[in-house]
Amino acid sequence: MEKEDVTNLAKIFNKPVLTHKSDERYCFRLYVAGSTPNSGRALKNLQRIAEKYFPNNYELEVIDVYEQPEQLLLENIVAIPTLIKDSPLPVKRLVGDLSNTKKVLTSLGISLKNKEVHYKKLHNDW
């Protein structure tokens with residue numbers, strides 16, 4: 001069966017071709033304190049991780065608590081930098097410069113092994 005046939009069948013039955021959880025868009029909010037070294041490292045590390053593991057499938061909002069101090073109280077932020085993953089659920093929080101990729105992915109509830117297997121399967125299927 002050709003790729004077009006599979007896509008057409010999916011349209012007929014009104015079901016998506018792939019329904020993996022990893023297809024959900026990742027939404028991140030990173031709380032930083034201006035241009036401090038830890039905040040800069042956290043932003044750089046998060047961008048590197050997101051581009052590698054969620055290319056074109058994530059949103060990143062950076063909130064500078066120097067410019068928006070009310071956000072500290074609204075979101076119960078007690079340390080900077082803090083990353084909040086809003087979606088996919090469950091919501092997760094991480095504190096620090098996000099330099100340990102494996103720990104970041106695990107803390108976000110993302111299995112590195114499953115992610116690699118998923119991409120290999122997609123590549124091999126098409």
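Author: This predicted model holds 5 salt bridges. Side chains of opposite charge can pair when their charged atoms come close.

Take Glu-59 and Arg-25. Their side chains meet in a salt bridge, at 3.2 Å from N to O. Glu-59 sits in strand β2, residues 58-64. Arg-25 belongs to the loop between α1 (3-12) and β1 (26-32). The two lie 34 residues apart in sequence, so the pair ties together separate parts of the chain. Is Glu-59 buried, exposed or partly exposed? With 42% relative accessibility, Glu-59 is partly exposed. Arg-25 is partly exposed too, with a relative accessible area of 37%.

Next, Arg-41 and Asp-97. This salt bridge has its closest N and O atoms 3.3 Å apart. Arg-41 is in helix α2, residues 37-53. Asp-97 is in the loop between β4 (92-95) and α4 (101-107). Here 56 residues of sequence separate the partners, so the pair ties helix α2 to that loop. Arg-41 is partly exposed, at 39% relative accessible area.

Then Glu-75 and Arg-93. Their side chains form a salt bridge of 3.7 Å, N to O. Distant parts of the chain are linked again: Glu-75 lies in the loop between α3 (70-74) and β3 (82-87), and Arg-93 in strand β4. They are 18 residues apart. Arg-93 has a relative accessible area of 43% and counts as partly exposed.

Methods
Residues are numbered from 1 along each chain as its sequence is written. This is a predicted model: local features need pLDDT of at least 70, side-chain atom pairs count only at pLDDT 80 or more; totals for chains, interfaces and linings use all residues. Side-chain values use heavy atoms; hydrogens and water are left out. A salt bridge is a side-chain nitrogen of Lys or Arg within 4 Å of a carboxyl oxygen of Asp or Glu. Helices (H or I, at least four residues) and strands (E, at least two) are DSSP runs, numbered from the N terminus. Buried means under 20% relative accessible area, exposed over 50%, partly exposed in between (1.4 Å probe, protein chains only).
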